[in-house]
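Please keep the structure in view while reading.

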Amino acid sequence: MVSFDFGVHYSCQSPTEEWEIIYPETIVQARTAESLGYSSFSVAEHHFLEDGWVPAPTVVLGAIAGATENVKLGTNVTILPLHNPINVAERAAVLDLLTGGNFRLGVSIGWQDHEFDAFGIDKRERVRRLEEGVELIRKLLTERSVTYDGEFHSVENMTVTPRPVQDSIPIWIGGMADPAIRRAAGLGDAWSISPFESPEELRDRRETYTDALEEHGRTFDDVHVPLRREAYVAEDDEAAWEEVGEALLREYAEVYGDIEGAEAIEAGEDAIESVREHAEDRFLVGSPDTVIGQLERFYDAIEMDEVLVRTHFPGLEMGKAEKALRIMAEDVMPHFE
């Protein structure tokens, strides 16, 4: 019997700049999602996007921690090279305390030039900064009186307080390319999988990950396997795409650039059809039966322990995103219990 947990991923985007509505509604929705059976919540980090993708994920997670009772929370992901690892470790410790020892720290190297330029970080240093940052954060969260002399950060006899609940907060490493996957195998407690790969691509990347784990004396059974997916469930496939198509198009045209920006949006129905084709073997969009079939294909490829679904996209009403979460909880999740 295939079984895995379900969580919710948030980005709090609003192309109409109604963030004073989106953020409070997100916190209320998280409380509702917990009551529906979702067991974890994650937030990613981006900066200076026009629709306001969350620039401060730990702040949002702190609010969710206060609104929920017994869930896992995580950054998925923090762009670690932009931050001082000491600050990241301190925030992780506090969130671990707020969640009773249920925090996971997801990090990645980042990819958008404007973010590195704004923070004054040389993008060419991002891999070295991530590797050093993870090493220092792990020491600060598991040891007292830490002395460390790195290329970018040095500390002497430093003890982070307050101390976290967990003896070792899990660190997830994000990435799509083979070097990033191998890095996750060597540095991380989990490989944080992006929402873009098809089952066939994930099957190949799992092989890369498994081989790299073996090089470090570990196996696939030793790590957590979270899968993040874009998702939207409705009564039938056509209703799902009618409700979420435009918002998904906006996301993948303006944020990820998979489709040619405003020109694609103006193309209307043809552009949405191109997103639908792109999503067919990558996202979880459609009727409950369709989404169950999609999840089974992903499980066959990667054998995930957990699926983190994002149902709210820029321009989509929060009520529709919540409706999709409800239908998934009632008609999809029981299939995988």
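Helix 1 passes helix 2 in a right-handed crossing (a crossing is right-handed if the near helix is turned clockwise from the far one by less than a right angle, and left-handed if anticlockwise). The model is predicted, so that local features need pLDDT of at least 70 and side-chain atom pairs count only at pLDDT 80 or more, whereas totals for chains, interfaces and linings use all residues. Residues are numbered from 1 along each chain as its sequence is written, and side-chain values use heavy atoms, with hydrogens and water left out. Helices (H or I, at least four residues) and strands (E, at least two) are DSSP runs, numbered from the N terminus.

**Helix 1 and helix 2**

- The axes of helix 1 (residues 19-36) and helix 2 (residues 57-67) come within 9 Å and cross at roughly 45°; axes are lines fitted to C-alpha atoms, for helices over the stretch in contact, and angles run from 0 to 180 degrees between N-to-C directions.
- That angle makes helix 1 oblique to helix 2 (angles under 35 degrees count as roughly parallel, over 145 as roughly antiparallel, 65 to 115 as roughly perpendicular and the rest as oblique).
- On helix 1, Tyr23, Ile27, Ala30 and Arg31 meet Val60, Ala63, Ile64 and Ala67 of helix 2, where contact means heavy atoms within 4.5 Å.
- Seven residues of this contact are nonpolar, none is polar and one is charged (Ala, Val, Leu, Ile, Met, Phe, Trp, Tyr, Cys and Pro count as nonpolar, Asp, Glu, Lys and Arg as charged, and the others, Gly among them, as polar).

**Helix 1 and helix 12**

- The axes of helix 1 and helix 12 (residues 318-331) come within 11 Å and cross at roughly 10°.
- This crossing makes helix 1 roughly parallel to helix 12.
- Helix 1 contributes Ile22, Glu25, Thr26, Gln29, Thr32 and Leu36 to the contact, and helix 12 contributes Met318, Ala321, Glu322, Leu325, Arg326 and Ala329.
- The contact of helix 1 with helix 12 has six nonpolar, three polar and three charged residues.
- Arg326, in helix 12, touches Thr32 and Leu36, not counting residues up to four places away in sequence.
- Between Arg326 and Thr32 there are 294 residues of separation in sequence and 9.1 Å in space, C-alpha to C-alpha.
- Arg326 has 34% relative accessibility and therefore counts as partly exposed (buried means under 20% relative accessible area, exposed over 50%, partly exposed in between, with a 1.4 Å probe and protein chains only).

**Helix 7**

- Buried residues of helix 7 include Leu202, Arg206 and Tyr209.
- The buried residues of helix 7 pack against helix 6 (178-187), strand 8 (190-192), strand 9 (226-233) and helix 11 (288-302).
- Helix 7 and helix 11 pack at an angle of about 20°, with their axes 8 Å apart, which makes helix 7 roughly parallel to helix 11.
- After helix 7 comes Gly217, whose phi is positive, near 75°.

**Backbone details**

- The peptide bond from Asn76 to Val77 is cis, with omega near 15°, and Val77 is found in strand 3 (residues 72-79).
- Another cis peptide bond runs from Thr161 to Pro162, with omega near 0°.
- Cys12 is not a glycine, yet has a positive phi of about 55°; Cys12 counts as buried because its relative accessibility is 1%.
- Asn157, in strand 6, has a positive phi of about 50° although it is not a glycine; Asn157 counts as exposed because its relative accessibility is 51%.
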